[in-house]
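Work through the exercises below with the sequence and the 3D view open. Each task is followed by a solution in steps.

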Amino acid sequence: MISQQEKQRLLQEKRDRIAAYKQKLEQSQQISSNTQPQQVIQVQENVQTNQSPQKEQPLQNQTIITHPQQSDLISLYLQTKRKKLGFQTIEMYSNNPAPPQAEVITIEFGVQCEFEMPQSKQENEDQIIPSMENVRRDSRKKREVFQSAEKPVEKVEKNISMEEINSIIQSQSFQRFFSRSSKTIEKAIHGAEVDVLEDLMNTQQVAQEIGKDNLTKLLSFSDKLYTENRVVTSIQWSPNLPNTFLASYSQNEEGSITDQVGVVLLWSLQLKSRPEFYCFASSPITSACFHPFSPNIVLGGLYNGQVVVWDLRAKHTPEKRSTLNSGGHSYPIYGLNIVGSQNANNVISSSNDGRICIWNLAQFNQPQKIIDLKTKNKQQSTNPQVEVNSTCMMFPQGDANNFYVGAEDGCIYKSKLHQNTNENIVIPFEEHLAPVSGISLNSSPQASPIMSNLLLSSSFDWTCKLWNTRTQSDSKCLATFECSEDYVYDIQWNGQHPSLFSTVDGEGYVDLWDLSYDLEAPITRYKSGNNSINKSQWSKDGTKLAIGDSFGEIQILQLSQKAQKIDHERLAKLEQWIKSDK
């Protein structure tokens, strides 16, 4: 690469030589002016005025300077420059003068132009050379990139063992993929048009949805010490404090011997990091509830059949508890309710031992009344009555006598507390095919008398059912919902919307249903996680849903404003359908 100083020196030498050649040329022109003065004057005028002369056909063998006294050195120089510049050589000394662009500059490495360059053109020349170097550098980089891309990629071969292959084949994701794709391939082999039924069903479901954002996660609550690896067995919102709820937990099977066996935690939406209060028991807790008329009292049903009472003003252990030999329950308690008024109320407990016990908090050593639930035995004539092993219990709002019980045999029973006999023979509703996991009555204040008679039930047979409790036979099933692919663990009506309810299942899905929109598919399906959801409960205002899973985590889901709106026109059509289906 020539340095800048060297280039300037060479350029200056070239200028000196050109000046010398010009001087000699002028001398030769003065000599030849005596023979051709008119032609030289015409060329000079055309160059000065920058005008093109009349075009005349030049002679074939025309030379630049025809005077016999021309210097041999100048002729040799011009011939050399023609060879270097080729057809771009400027014909300054021809008989026909050149066009107005008389000064043509060709930039080439190692070759200088014929005339002296102005200062601006020298600066441009200095600027062009580095730019061309950049172009060459970029092109070189591109070639290197292309060459590297053309290199063959080394393939890494991995040998998969038969154990890994079998684990992949037996996985649920592969099974679902193989089942879906094999149906499509089989249709294509037989030459039929491939219509994927699952895609069609999913498209219809999306078209029916009001919106996928009807349920959004608001908060989650867990405690590493007291909720880890514990199953949430019950959830209830406080009837007095709208932002407070309780949750009961089973025993931690993977814990140490020093861990608390039964735990009830009181959570607040304003206190996100830890529970607001702890309640402990010596047996796993299967159900718990607030006392509606005493905000400081919490009741719990234990796995061993005891009923315990905690006073939040006192301590974390129970203040009162029923004795095991008091004639009460001997099996786990799965239903716990407080019925009556503020001045006269009782605690009602149900167990899968077939008993309903009525308790008075003032005399808690033994139950006031015991009711043995029995039903007719359809299979054995020798034993006409069998016990009803209840799994859940529900009282209608404001009713202290009638109640509904879901049982292990898949039936739903309606019974009464106050009868002349201690044995209560009940007639079942149409049965599920597996134990009933949850029941819920429509308690919305905006529900009409027809809607307030509706009862929902969920079961381990993967289905839910809608019942009309005021028909002539008291066993009319209006609809069956089959959306889940696992056990349905709980079902709950919304407390404010008369046609809205939710279900939770073992796959971790929360399904939101609106009967005024669709009786066959949920309007929203929310995936909470990989753990099964065991319990759920709507807040009193119907805007939040609390769900608890099998590993002790509780999530608070927010219901969208769009889903909270009631379409009265659609609701009227639903009521007409219920009337016509009696």
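Rings of Phe, Tyr and Trp, the last by its six-membered ring, count as an aromatic pair if their centres lie within 6.5 Å; planes over 60 degrees apart make the pair edge-to-face. The model used here is predicted.

**Exercise 1. Aromatic pairs**

Task: State how many aromatic pairs a search of the whole structure finds, then classify the pair of phenylalanine 460 and tyrosine 489.

Solution. 
- Step 1. The search gives 15 aromatic pairs.
- Step 2. For phenylalanine 460 and tyrosine 489, the ring centres are 5.6 Å apart and the planes make an angle of 70 degrees. The cut-off for edge-to-face is over 60 degrees, and this pair is edge-to-face.
- Step 3. Buried means under 20% relative accessible area and exposed means over 50%. Phenylalanine 460, at 28%, is therefore partly exposed, and tyrosine 489, at 22%, is partly exposed too.

**Exercise 2. A second pair**

Task: Are tryptophan 493 and phenylalanine 501 buried or exposed, and what kind of aromatic pair do they form?

Solution. 
- Step 1. Tryptophan 493 and phenylalanine 501 form an edge-to-face pair, with 5.5 Å centre to centre and 65 degrees between the planes.
- Step 2. Tryptophan 493 has a relative accessible area of 4% and is therefore buried.
- Step 3. Phenylalanine 501 is buried as well, at 0%.

**Exercise 3. The core around phenylalanine 501**

Task: Which residues touch the most other members of the largest nonpolar core, and which elements each supply at least two of its residues?

Solution. 
- Step 1. The core has 19 residues, and Leu466, Phe481 and Phe501 touch the most other members.
- Step 2. At least two residues each come from β20 (454-459), β21 (464-468), β22 (476-481), β23 (488-493) and α9 (568-580).
- Step 3. Leaving out residues up to four places away in sequence, the contacts of phenylalanine 501 include Leu456, Phe481, Ile491, Trp493 and Leu512.
- Step 4. Another core, of 18 residues, lies apart from this one; Leu219, Phe221, Tyr226 and Ala546 are among its members.
- Step 5. In soluble globular proteins, nonpolar side chains tend to be buried together.

**Exercise 4. A four-stranded sheet**

Task: Give the strand order of the open sheet of four strands and say which strands stand at the edges.

Solution. 
- Step 1. The order is β23-β24-β25-β26, with antiparallel pairing.
- Step 2. β23 and β26 (524-527) are the edge strands; each has a single partner strand, so one side of each has no neighbour in the sheet.
- Step 3. On average, neighbouring strands of this sheet are turned by 20 degrees against each other, direction ignored.
- Step 4. Four bridges join β25 (residues 509-514) and β26 in the antiparallel sense, and valine 510 is opposite tyrosine 526 in β26.
- Step 5. The ring of tyrosine 509 has the charged end of arginine 525 over it, 4.1 Å from the ring centre. The charged end of lysine 527 also sits over the ring of tyrosine 509, 4.6 Å from its centre.

**Exercise 5. A three-stranded sheet**

Task: Describe the open sheet of three strands and name the residue opposite phenylalanine 403.

Solution. 
- Step 1. The strand order is β15-β16-β17, and the pairing is antiparallel.
- Step 2. β15 (390-394) and β17 (412-416) each have a single partner strand and stand at the edges, so one side of each lacks a neighbour in the sheet.
- Step 3. β16 (residues 402-407) and β17 are joined by five bridges; in β17, serine 415 stands opposite phenylalanine 403.

Notes:
Residues are numbered from 1 along each chain as its sequence is written. This is a predicted model: local features need pLDDT of at least 70, side-chain atom pairs count only at pLDDT 80 or more; totals for chains, interfaces and linings use all residues. Side-chain values use heavy atoms; hydrogens and water are left out. A nonpolar core is a set of buried Ala, Val, Leu, Ile, Met, Phe, Trp, Tyr and Cys residues joined through side-chain atoms within 4.5 Å. Buried means under 20% relative accessible area, exposed over 50%, partly exposed in between (1.4 Å probe, protein chains only). Contact means heavy atoms within 4.5 Å. Two strands pair if DSSP finds at least two bridges between them. Axes are lines fitted to C-alpha atoms, for helices over the stretch in contact, and angles run from 0 to 180 degrees between N-to-C directions. Rings of Phe, Tyr and Trp (its six-membered ring) pair if their centres lie within 6.5 Å; planes under 30 degrees apart count as stacked, over 60 as edge-to-face and the rest as tilted. A charge sits over a ring if NZ of Lys or CZ of Arg is within 6 Å of the ring centre and within 35 degrees of the ring normal.
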